[in-house]
Amino acid sequence: MPFEGDNMMGVKRNNRSAILRILHEKGEMSRKRLAESMKLTPAAITKIVGEMLGEGLLVEGEAVSSGTAGRREIMVKLNERHVCALGLMINIPKTVLSAVWLDGTVIFSEEYTLERNHPAEPTVQELCARLMELTEQHGLSRGQIIGVGVAIRGVTSLDGRSSANSFGAFAEEALTGLRAVLSNNVRALFAAHVFLSHDQAEGSQFFLRCEYGIGASLTIDGKIWHGVTEQCAEIGHIPVVRRGGKPCVCGKSGCLETIASPTAIREDAMALLSPEQTPVLWKMCGERPDELTLDNVLNAACSGDMGAAEIVDRAVSTLGTALKSVIYLVDPSKIVLYGQMFDNSYYLSRLLSEVREGVDSGHAVEIQTSPYNHLLEDKAASLLAVQYYFDNGGLL
(Lines give C-alpha, C1' and ligand atoms only; values in the text may rest on other atoms or scores of the structure.)
Protein backbone atom coordinates (compact mmCIF):
# COMPACT_ATOMS: atom_id res chain seq x y z
CA MET A 1 0.00 0.00 0.00
CA PRO A 2 1.52 3.38 -1.00
CA PHE A 3 1.77 6.09 1.63
CA GLU A 4 1.74 9.78 0.87
CA GLY A 5 2.55 12.77 3.01
CA ASP A 6 0.70 16.06 3.09
CA ASN A 7 2.01 19.60 2.81
CA MET A 8 0.85 22.60 4.81
CA MET A 9 -1.67 23.58 2.13
CA GLY A 10 -3.16 20.12 2.34
CA VAL A 11 -3.45 20.35 6.12
CA LYS A 12 -5.11 23.76 5.81
CA ARG A 13 -7.58 22.46 3.24
CA ASN A 14 -8.47 19.45 5.38
CA ASN A 15 -9.02 21.59 8.48
CA ARG A 16 -11.21 24.04 6.60
CA SER A 17 -13.16 21.16 5.10
CA ALA A 18 -13.75 19.67 8.54
CA ILE A 19 -15.07 23.02 9.80
CA LEU A 20 -17.50 23.31 6.90
CA ARG A 21 -18.73 19.75 7.41
CA ILE A 22 -19.18 20.16 11.16
CA LEU A 23 -21.07 23.44 10.84
CA HIS A 24 -23.24 22.01 8.06
CA GLU A 25 -24.11 18.86 10.01
CA LYS A 26 -24.37 20.26 13.55
CA GLY A 27 -25.20 23.93 13.06
CA GLU A 28 -23.52 26.94 14.65
CA MET A 29 -20.78 26.32 17.17
CA SER A 30 -18.26 28.26 19.22
CA ARG A 31 -14.57 28.26 18.39
CA LYS A 32 -13.94 26.36 21.61
CA ARG A 33 -16.36 23.57 20.66
CA LEU A 34 -14.90 23.42 17.16
CA ALA A 35 -11.42 23.01 18.62
CA GLU A 36 -12.65 20.19 20.85
CA SER A 37 -14.44 18.45 17.98
CA MET A 38 -11.37 18.61 15.73
CA LYS A 39 -8.80 18.03 18.47
CA LEU A 40 -6.96 21.24 17.58
CA THR A 41 -5.69 24.04 19.79
CA PRO A 42 -7.95 27.09 20.31
CA ALA A 43 -5.25 29.24 18.71
CA ALA A 44 -5.24 27.12 15.54
CA ILE A 45 -9.01 27.23 15.26
CA THR A 46 -9.09 30.97 15.87
CA LYS A 47 -6.67 31.53 13.00
CA ILE A 48 -8.52 29.30 10.54
CA VAL A 49 -11.95 30.63 11.48
CA GLY A 50 -10.64 34.18 11.24
CA GLU A 51 -9.58 33.59 7.64
CA MET A 52 -12.93 32.06 6.73
CA LEU A 53 -14.79 34.94 8.40
CA GLY A 54 -12.71 37.37 6.39
CA GLU A 55 -13.65 35.57 3.18
CA GLY A 56 -17.34 35.71 4.04
CA LEU A 57 -17.64 31.92 4.11
CA LEU A 58 -18.45 31.99 7.82
CA VAL A 59 -20.31 34.59 9.89
CA GLU A 60 -20.50 35.22 13.61
CA GLY A 61 -23.72 34.62 15.52
CA GLU A 62 -24.83 35.40 19.02
CA ALA A 63 -22.72 35.28 22.16
CA VAL A 64 -23.90 32.51 24.47
CA SER A 65 -22.98 31.43 27.97
CA SER A 66 -20.03 29.06 28.13
CA GLY A 67 -21.17 27.58 31.42
CA THR A 68 -18.41 29.45 33.24
CA ALA A 69 -19.37 32.49 35.27
CA GLY A 70 -18.83 35.71 33.35
CA ARG A 71 -17.66 34.05 30.15
CA ARG A 72 -19.55 34.06 26.88
CA GLU A 73 -18.66 32.35 23.60
CA ILE A 74 -19.38 33.83 20.20
CA MET A 75 -20.95 31.32 17.85
CA VAL A 76 -19.81 30.93 14.24
CA LYS A 77 -21.89 29.47 11.45
CA LEU A 78 -21.80 28.75 7.75
CA ASN A 79 -22.80 31.68 5.54
CA GLU A 80 -25.15 29.62 3.40
CA ARG A 81 -25.84 32.44 0.93
CA HIS A 82 -22.18 33.30 0.34
CA VAL A 83 -21.84 31.29 -2.88
CA CYS A 84 -23.97 28.93 -4.97
CA ALA A 85 -23.63 25.98 -7.36
CA LEU A 86 -25.23 25.04 -10.67
CA GLY A 87 -26.39 21.59 -11.75
CA LEU A 88 -27.38 19.46 -14.72
CA MET A 89 -29.33 16.29 -13.92
CA ILE A 90 -29.27 14.68 -17.36
CA ASN A 91 -31.91 12.03 -17.96
CA ILE A 92 -34.04 11.09 -20.94
CA PRO A 93 -36.62 12.42 -21.50
CA LYS A 94 -36.40 14.81 -18.53
CA THR A 95 -33.31 16.81 -17.67
CA VAL A 96 -33.24 19.29 -14.78
CA LEU A 97 -31.22 22.51 -14.78
CA SER A 98 -30.78 24.01 -11.33
CA ALA A 99 -28.90 26.17 -8.87
CA VAL A 100 -28.68 25.86 -5.07
CA TRP A 101 -27.17 27.70 -2.12
CA LEU A 102 -24.70 25.95 0.17
CA ASP A 103 -27.47 24.45 2.32
CA GLY A 104 -29.24 22.93 -0.68
CA THR A 105 -31.97 25.56 -0.95
CA VAL A 106 -33.04 25.75 -4.59
CA ILE A 107 -32.52 29.10 -6.34
CA PHE A 108 -34.03 27.93 -9.61
CA SER A 109 -35.02 24.66 -11.24
CA GLU A 110 -36.19 24.08 -14.78
CA GLU A 111 -37.07 20.89 -16.62
CA TYR A 112 -35.69 20.45 -20.11
CA THR A 113 -36.97 17.74 -22.44
CA LEU A 114 -34.40 15.67 -24.33
CA GLU A 115 -35.22 13.39 -27.22
CA ARG A 116 -33.77 9.88 -27.24
CA ASN A 117 -30.68 9.44 -29.44
CA HIS A 118 -30.05 13.18 -29.47
CA PRO A 119 -26.34 13.76 -30.35
CA ALA A 120 -24.22 14.43 -27.26
CA GLU A 121 -22.34 17.54 -28.42
CA PRO A 122 -25.33 19.70 -29.44
CA THR A 123 -27.20 18.45 -26.37
CA VAL A 124 -24.47 19.67 -24.03
CA GLN A 125 -24.31 22.99 -25.89
CA GLU A 126 -28.06 23.50 -25.54
CA LEU A 127 -28.09 22.59 -21.85
CA CYS A 128 -25.12 24.79 -20.94
CA ALA A 129 -26.47 27.75 -22.90
CA ARG A 130 -29.83 27.53 -21.16
CA LEU A 131 -28.19 27.04 -17.76
CA MET A 132 -26.16 30.22 -18.16
CA GLU A 133 -29.27 32.09 -19.31
CA LEU A 134 -31.04 31.06 -16.11
CA THR A 135 -28.13 32.24 -13.93
CA GLU A 136 -28.34 35.68 -15.53
CA GLN A 137 -32.12 35.80 -15.18
CA HIS A 138 -31.80 35.11 -11.45
CA GLY A 139 -29.08 37.70 -10.93
CA LEU A 140 -26.25 35.30 -10.11
CA SER A 141 -22.78 36.65 -10.86
CA ARG A 142 -19.84 34.50 -11.95
CA GLY A 143 -18.08 35.37 -8.71
CA GLN A 144 -20.87 33.70 -6.72
CA ILE A 145 -20.80 30.40 -8.62
CA ILE A 146 -18.42 27.73 -7.33
CA GLY A 147 -18.99 25.20 -10.11
CA VAL A 148 -21.44 23.00 -11.96
CA GLY A 149 -22.39 19.46 -10.96
CA VAL A 150 -23.35 17.01 -13.71
CA ALA A 151 -25.33 13.87 -12.84
CA ILE A 152 -25.72 11.33 -15.65
CA ARG A 153 -26.46 7.71 -16.35
CA GLY A 154 -23.56 5.36 -16.84
CA VAL A 155 -20.09 4.81 -15.42
CA THR A 156 -18.15 7.84 -14.22
CA SER A 157 -14.60 8.14 -12.96
CA LEU A 158 -13.75 8.44 -9.27
CA ASP A 159 -12.26 11.93 -9.72
CA GLY A 160 -15.47 13.23 -11.31
CA ARG A 161 -13.71 14.20 -14.54
CA SER A 162 -14.93 11.77 -17.19
CA SER A 163 -17.60 9.27 -18.22
CA ALA A 164 -17.17 5.96 -20.01
CA ASN A 165 -20.49 5.85 -21.81
CA SER A 166 -22.34 9.13 -21.44
CA PHE A 167 -21.76 12.88 -21.42
CA GLY A 168 -18.37 14.09 -20.21
CA ALA A 169 -17.37 16.89 -17.87
CA PHE A 170 -14.91 18.75 -20.03
CA ALA A 171 -17.52 20.05 -22.47
CA GLU A 172 -19.44 21.66 -19.61
CA GLU A 173 -16.27 23.37 -18.39
CA ALA A 174 -15.46 24.71 -21.84
CA LEU A 175 -18.98 26.00 -22.41
CA THR A 176 -19.63 27.48 -18.97
CA GLY A 177 -16.12 28.43 -17.86
CA LEU A 178 -16.87 26.73 -14.53
CA ARG A 179 -15.36 23.76 -12.74
CA ALA A 180 -17.47 20.69 -13.55
CA VAL A 181 -17.93 17.71 -11.21
CA LEU A 182 -19.37 14.55 -12.78
CA SER A 183 -21.20 11.67 -11.10
CA ASN A 184 -23.51 8.79 -11.85
CA ASN A 185 -27.10 9.99 -11.35
CA VAL A 186 -28.05 7.46 -8.65
CA ARG A 187 -24.91 8.22 -6.63
CA ALA A 188 -25.70 11.92 -6.96
CA LEU A 189 -29.20 11.36 -5.59
CA PHE A 190 -27.84 9.31 -2.68
CA ALA A 191 -25.14 11.89 -1.93
CA ALA A 192 -27.85 14.57 -1.85
CA HIS A 193 -29.96 12.44 0.51
CA VAL A 194 -27.00 12.01 2.88
CA PHE A 195 -26.05 15.70 2.67
CA LEU A 196 -29.56 17.00 3.37
CA SER A 197 -30.33 14.50 6.12
CA HIS A 198 -26.97 15.22 7.82
CA ASP A 199 -26.61 11.46 7.98
CA GLN A 200 -22.89 10.69 8.15
CA ALA A 201 -23.32 7.72 10.48
CA GLU A 202 -20.71 5.02 10.71
CA GLY A 203 -21.47 1.67 9.16
CA SER A 204 -23.02 1.32 5.72
CA GLN A 205 -26.20 2.39 3.98
CA PHE A 206 -27.72 1.03 0.78
CA PHE A 207 -29.72 3.36 -1.47
CA LEU A 208 -32.19 1.79 -3.92
CA ARG A 209 -33.75 3.92 -6.63
CA CYS A 210 -36.66 2.56 -8.67
CA GLU A 211 -37.97 4.99 -11.27
CA TYR A 212 -37.66 3.86 -14.89
CA GLY A 213 -35.15 1.16 -14.07
CA ILE A 214 -33.36 0.05 -10.91
CA GLY A 215 -30.22 1.72 -9.63
CA ALA A 216 -28.40 1.63 -6.33
CA SER A 217 -25.53 3.11 -4.36
CA LEU A 218 -23.65 2.15 -1.21
CA THR A 219 -21.93 4.11 1.54
CA ILE A 220 -19.33 2.76 3.94
CA ASP A 221 -18.62 4.94 6.99
CA GLY A 222 -20.44 7.85 5.35
CA LYS A 223 -18.54 7.71 2.05
CA ILE A 224 -19.93 6.45 -1.23
CA TRP A 225 -18.19 3.26 -2.32
CA HIS A 226 -17.31 3.08 -6.03
CA GLY A 227 -15.75 -0.34 -6.52
CA VAL A 228 -12.74 -1.28 -8.63
CA THR A 229 -14.51 -0.60 -11.94
CA GLU A 230 -16.70 2.27 -10.68
CA GLN A 231 -19.76 -0.01 -10.88
CA CYS A 232 -20.42 -0.86 -7.25
CA ALA A 233 -24.05 -1.66 -6.33
CA GLU A 234 -25.27 -2.33 -9.90
CA ILE A 235 -28.07 -4.41 -8.43
CA GLY A 236 -30.44 -3.75 -11.32
CA HIS A 237 -28.26 -5.78 -13.67
CA ILE A 238 -27.89 -8.93 -11.60
CA PRO A 239 -29.02 -11.78 -13.90
CA VAL A 240 -32.06 -13.42 -12.28
CA VAL A 241 -33.36 -15.41 -15.29
CA ARG A 242 -30.87 -17.89 -16.77
CA ARG A 243 -32.64 -18.60 -20.06
CA GLY A 244 -35.39 -16.86 -21.96
CA GLY A 245 -35.25 -13.62 -20.01
CA LYS A 246 -36.30 -10.29 -21.51
CA PRO A 247 -33.57 -8.18 -23.14
CA CYS A 248 -32.16 -5.49 -20.87
CA VAL A 249 -30.89 -2.03 -21.80
CA CYS A 250 -27.43 -3.12 -20.60
CA GLY A 251 -27.19 -5.64 -23.46
CA LYS A 252 -27.77 -8.76 -21.35
CA SER A 253 -31.09 -10.50 -20.77
CA GLY A 254 -32.95 -11.59 -17.68
CA CYS A 255 -31.62 -8.83 -15.41
CA LEU A 256 -33.45 -7.87 -12.22
CA GLU A 257 -34.47 -4.64 -13.93
CA THR A 258 -36.41 -6.57 -16.59
CA ILE A 259 -38.72 -8.02 -13.93
CA ALA A 260 -38.86 -5.69 -10.94
CA SER A 261 -38.46 -2.15 -12.32
CA PRO A 262 -41.45 0.19 -12.74
CA THR A 263 -40.97 0.01 -16.52
CA ALA A 264 -40.98 -3.81 -16.47
CA ILE A 265 -44.10 -3.97 -14.29
CA ARG A 266 -45.97 -1.64 -16.63
CA GLU A 267 -44.77 -3.49 -19.76
CA ASP A 268 -45.81 -6.86 -18.34
CA ALA A 269 -49.23 -5.45 -17.45
CA MET A 270 -49.61 -3.99 -20.94
CA ALA A 271 -48.90 -7.40 -22.45
CA LEU A 272 -51.52 -9.05 -20.23
CA LEU A 273 -54.13 -6.28 -20.28
CA SER A 274 -57.59 -7.52 -21.30
CA PRO A 275 -61.12 -7.70 -19.86
CA GLU A 276 -60.60 -11.42 -19.23
CA GLN A 277 -57.11 -11.55 -17.66
CA THR A 278 -57.00 -8.20 -15.84
CA PRO A 279 -60.63 -7.04 -15.44
CA VAL A 280 -60.05 -4.53 -12.64
CA LEU A 281 -57.01 -3.03 -14.34
CA TRP A 282 -58.90 -2.87 -17.65
CA LYS A 283 -61.57 -0.68 -16.05
CA MET A 284 -59.04 1.47 -14.18
CA CYS A 285 -57.32 2.58 -17.36
CA GLY A 286 -60.63 3.34 -19.02
CA GLU A 287 -60.29 0.40 -21.40
CA ARG A 288 -57.45 2.30 -23.08
CA PRO A 289 -54.09 0.48 -22.89
CA ASP A 290 -52.13 3.63 -23.78
CA GLU A 291 -53.31 5.25 -20.54
CA LEU A 292 -52.06 2.45 -18.30
CA THR A 293 -49.85 3.70 -15.43
CA LEU A 294 -47.76 2.03 -12.74
CA ASP A 295 -50.24 3.26 -10.12
CA ASN A 296 -53.03 1.56 -12.06
CA VAL A 297 -51.21 -1.77 -11.90
CA LEU A 298 -50.40 -1.49 -8.19
CA ASN A 299 -53.89 -0.34 -7.26
CA ALA A 300 -55.52 -3.06 -9.36
CA ALA A 301 -53.39 -5.68 -7.63
CA CYS A 302 -54.44 -4.26 -4.27
CA SER A 303 -58.09 -4.42 -5.38
CA GLY A 304 -57.94 -8.14 -6.14
CA ASP A 305 -57.07 -8.24 -9.85
CA MET A 306 -55.35 -11.63 -10.06
CA GLY A 307 -53.48 -10.88 -13.28
CA ALA A 308 -52.04 -7.62 -11.95
CA ALA A 309 -51.32 -9.24 -8.59
CA GLU A 310 -49.25 -11.98 -10.22
CA ILE A 311 -47.09 -9.39 -12.00
CA VAL A 312 -46.57 -7.36 -8.82
CA ASP A 313 -45.89 -10.45 -6.71
CA ARG A 314 -43.21 -11.65 -9.12
CA ALA A 315 -41.56 -8.22 -9.09
CA VAL A 316 -41.71 -8.00 -5.30
CA SER A 317 -40.36 -11.51 -4.80
CA THR A 318 -37.43 -10.93 -7.17
CA LEU A 319 -36.48 -7.55 -5.76
CA GLY A 320 -36.94 -8.79 -2.20
CA THR A 321 -34.54 -11.67 -2.83
CA ALA A 322 -31.95 -9.25 -4.22
CA LEU A 323 -32.27 -7.01 -1.16
CA LYS A 324 -31.91 -9.97 1.18
CA SER A 325 -28.64 -10.75 -0.57
CA VAL A 326 -27.54 -7.16 0.08
CA ILE A 327 -28.42 -7.50 3.76
CA TYR A 328 -26.36 -10.66 4.19
CA LEU A 329 -23.42 -9.53 2.06
CA VAL A 330 -23.10 -5.91 3.20
CA ASP A 331 -24.88 -5.92 6.58
CA PRO A 332 -26.02 -2.29 6.15
CA SER A 333 -27.40 -0.25 9.01
CA LYS A 334 -30.06 1.20 6.72
CA ILE A 335 -31.68 0.63 3.33
CA VAL A 336 -33.10 3.81 1.80
CA LEU A 337 -35.83 3.46 -0.83
CA TYR A 338 -36.33 6.15 -3.47
CA GLY A 339 -38.96 6.22 -6.22
CA GLN A 340 -42.63 6.52 -7.08
CA MET A 341 -43.53 2.91 -6.36
CA PHE A 342 -42.47 3.22 -2.71
CA ASP A 343 -45.25 5.76 -2.15
CA ASN A 344 -47.78 3.00 -2.76
CA SER A 345 -48.62 1.47 0.62
CA TYR A 346 -49.72 -1.87 -0.88
CA TYR A 347 -46.47 -2.33 -2.80
CA LEU A 348 -44.28 -1.11 0.05
CA SER A 349 -45.88 -3.38 2.64
CA ARG A 350 -45.50 -6.39 0.32
CA LEU A 351 -41.85 -5.58 -0.32
CA LEU A 352 -41.01 -5.08 3.36
CA SER A 353 -42.73 -8.34 4.24
CA GLU A 354 -40.80 -10.16 1.50
CA VAL A 355 -37.46 -8.74 2.61
CA ARG A 356 -37.99 -9.59 6.26
CA GLU A 357 -39.07 -13.15 5.55
CA GLY A 358 -36.05 -15.39 5.97
CA VAL A 359 -33.76 -12.69 7.40
CA ASP A 360 -32.72 -13.58 10.94
CA SER A 361 -33.18 -11.17 13.83
CA GLY A 362 -29.45 -10.54 14.04
CA HIS A 363 -29.67 -8.33 10.95
CA ALA A 364 -31.53 -5.38 12.41
CA VAL A 365 -31.44 -3.28 9.25
CA GLU A 366 -33.70 -0.25 9.10
CA ILE A 367 -35.63 0.06 5.82
CA GLN A 368 -37.17 3.42 5.05
CA THR A 369 -38.45 5.49 2.15
CA SER A 370 -36.30 8.57 1.74
CA PRO A 371 -37.86 11.63 3.39
CA TYR A 372 -36.80 13.43 0.20
CA ASN A 373 -38.63 11.07 -2.14
CA HIS A 374 -39.23 12.90 -5.49
CA LEU A 375 -37.49 16.00 -4.10
CA LEU A 376 -33.84 15.44 -5.02
CA GLU A 377 -33.82 15.70 -8.82
CA ASP A 378 -33.79 19.51 -8.73
CA LYS A 379 -30.81 19.75 -6.38
CA ALA A 380 -28.73 16.55 -6.50
CA ALA A 381 -26.53 17.66 -9.42
CA SER A 382 -25.88 21.11 -7.94
CA LEU A 383 -25.00 19.57 -4.59
CA LEU A 384 -22.18 17.62 -6.27
CA ALA A 385 -20.41 20.95 -6.74
CA VAL A 386 -21.27 22.03 -3.18
CA GLN A 387 -19.79 18.85 -1.72
CA TYR A 388 -16.66 19.21 -3.86
CA TYR A 389 -16.37 22.74 -2.50
CA PHE A 390 -16.72 21.48 1.07
CA ASP A 391 -14.17 18.73 0.47
CA ASN A 392 -11.68 21.38 -0.67
CA GLY A 393 -12.32 23.61 2.31
CA GLY A 394 -13.97 26.33 0.24
CA LEU A 395 -10.75 26.84 -1.71
CA LEU A 396 -11.32 26.88 -5.48
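How many bridges join β9 to β12, and do these strands run parallel or antiparallel? In this predicted model, β9 and β12 run parallel and are joined by 5 bridges, where strands count as paired if DSSP finds at least two bridges between them. Helices (H or I, at least four residues) and strands (E, at least two) are DSSP runs, numbered from the N terminus.

Because this is a predicted model, local features need pLDDT of at least 70 and side-chain atom pairs count only at pLDDT 80 or more, while totals for chains, interfaces and linings use all residues. Residues are numbered from 1 along each chain as its sequence is written, and side-chain values use heavy atoms, with hydrogens and water left out.

Of the 5 residues of β12, 5 are buried (under 20% relative accessible area; exposed is over 50% and partly exposed in between, with a 1.4 Å probe and protein chains only). Lys334, Val336 and Tyr338 point one way from the strand, whereas Ile335 and Leu337 point the other way.

**The nonpolar cores**

A nonpolar core is a set of buried Ala, Val, Leu, Ile, Met, Phe, Trp, Tyr and Cys residues joined through side-chain atoms within 4.5 Å. The largest such core has 47 residues, and those touching the most other members include Phe206, Leu208, Ile235 and Leu319. Among the elements that give two or more residues to this core are β9 (204–210), α11 (306–330), β12 (334–338) and α12 (345–356), and the largest share, 11 residues, comes from α11. Apart from this core lies another, of 45 residues, among them Met38, Ala188, Phe207 and Tyr338.

Isoleucine 235 has contacts (heavy atoms within 4.5 Å) with residues including Phe206, Leu208, Ala322 and Val326, not counting residues up to four places away in sequence.

**Cysteines**

The structure holds 0 disulfides, a disulfide being a pair of cysteine sulfur atoms within 2.5 Å. For cysteine 250, the nearest cysteine sulfur, that of cysteine 255, is 3.7 Å away.

| Residue | Relative accessibility | Class |
|---|---|---|
| Cysteine 210 | 1% | buried |
| Cysteine 250 | 36% | partly exposed |
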